[in-house]
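Visitor: I would like to learn how to read a sheet and a residue packed within a fold. Where do we begin?

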Amino acid sequence: MRVFVTGATGFIGSAVVRDLLDAGHQAVGLARSDAGAASLRAAGAEVIRGSLEDLESLRSGAAGSDGVIHTAYIHDFSENNDAAAYARTDRNAIETIGEALAGSGRPLVVAAGLPTATTPGHIVTEHDEAPDNPPYPRVSEPVAMSLAGRGVRVSVVRQPPTVHGRGDHGFVPALIGIARAKGLAAYIEDGSNRWSAVHRLDAAHLFRLALESAPAGTRLNAIGDEGVPFRDIAGVIGKHLDVPVVSLSREEARAHFGLFALFASFDAPASSELTRKQFGWQPVQPGLIADLDEGHYFDD
């Protein structure tokens with residue numbers, strides 16, 4: 001298949017491109033910069049220049065493909081972020097790609113976040129739908145699902161809070177940076193809140209499986225670790241940085257973690273049991289703690 005990939009130079013998208021090529025597919029990546037285009041060509045992919053805001057580049061890429069994998073998203077957790085604007089950009093991108101594929105039966109696989117558990121301790125499964133108004137207003141899943149009745153074989157691959165591996169620049173590096181700056185690795189209260197996680201290479205493989213075989217309207221959970229206690233994450237960070245590992249009250253955590261306090265308090269366990277059964281997907285890469293213990297996260 002000739003597959004158009006948005007976010008093709010990103011942490012997950014670049015792994016998706018590699019997995020597609022290794023499986024014998026053609027990959028066509030969206031690139032904003034000369035450096036991004038060069039990296040895609042070096043990997044063996046074709047290039048379409050453009051961006052999420054350039055809807056014509058998205059329309060052209062989708063129209064000339066046998067299928068699309070949409071991994072691009074504006075991830076900005078700074079104080080000045082405009083989450084609603086980023087969600088609108090994503091909506092416009094998905095709808096534009098959907099229009100190009102409508103009526104063709106071609107596949108569209110969209111990256112999405114996991115929905116937040118509605119009750120304490122609930123383990124999110126593929127049956128849990130994304131709420132209409134989550135605190136962080138990402139609309140990838142509902143917008144994608146709305147295309148299922150328009151002749152698009154659309155599916156969503158839902159990713160946990162932590163997608164880890166070499167090159168990660170997400171939540172785990174942020175935690176390590178805070179621990180380095182403050183001289184301690186912290187967790188909140190008893191640290192029993194859990195982060196689900198997946199290795200980027202396992203996630204990339206699932207995107208390909210969804211492209212090849214997921215029926216329209218399918219939700220897949222890319223979950224390797226169902227739930228890693230946050231105190232265990234803090235513990236391995238403390239070990240590698242040689243700093244104390246301490247429990248903080250919620251009030252103390254707000255001062256220690258700053259804007260990251262919300263994420264440090266997440267309890268987000270999730271299951272991929274149905275995804276594994278339906279698609280034969282089996283994560284084979286190291287889990288989060290084993291990946292941290294390899295040490296590459298702590299290289300200066």
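Guide: With a term: contact means heavy atoms within 4.5 Å. Note also that this is a predicted model.

Visitor: Which residues is T6 in contact with, leaving aside its neighbours within four places in sequence?

Guide: T6 is in contact with L30, L58, I69, H70, T71, A72 and I97. T6 itself lies in strand β1.

Visitor: Is T6 buried or exposed?

Guide: Buried means under 20% relative accessible area. T6 has 0% relative accessibility, so it counts as buried.

Visitor: What does the side chain of T6 reach at 3.3 Å?

Guide: The backbone nitrogen of A72 lies at that distance from the T6 side chain.

Visitor: How do the strands of a sheet pair in general?

Guide: Strands pair through backbone hydrogen bonds, and the sense is either parallel or antiparallel. Here seven strands form an open sheet with parallel pairing, in the order β3-β2-β1-β4-β5-β6-β10.

Visitor: Why is one side of β3 and of β10 left without a neighbour in the sheet?

Guide: β3 (46–49) and β10 (218–221) stand at the edges and have a single partner strand each, so one side of each has no neighbour in the sheet. On average, neighbouring strands are turned by 20° against each other, direction ignored.

Visitor: How many bridges pair β6 and β10?

Guide: Four bridges, in the parallel sense, join β10 to β6 (residues 153–159). V157 has L220 in β10 as its bridge partner.

Visitor: Which strands does helix α3 touch?

Guide: Helix α3 (residues 55–63) packs on the sheet and touches β1 (2–6), β2 (26–31), β3 and β4 (67–70). The direction of α3 makes about 155° with that of β1.

Conventions: Residues are numbered from 1 along each chain as its sequence is written. This is a predicted model: local features need pLDDT of at least 70, side-chain atom pairs count only at pLDDT 80 or more; totals for chains, interfaces and linings use all residues. Side-chain values use heavy atoms; hydrogens and water are left out. Two strands pair if DSSP finds at least two bridges between them. Helices (H or I, at least four residues) and strands (E, at least two) are DSSP runs, numbered from the N terminus. Axes are lines fitted to C-alpha atoms, for helices over the stretch in contact, and angles run from 0 to 180 degrees between N-to-C directions. Buried means under 20% relative accessible area, exposed over 50%, partly exposed in between (1.4 Å probe, protein chains only). A polar contact is a pair of N or O atoms within 3.5 Å; within protein, one must be able to donate a hydrogen and the other to accept it, and residues adjacent in sequence count only if both atoms are side-chain atoms.
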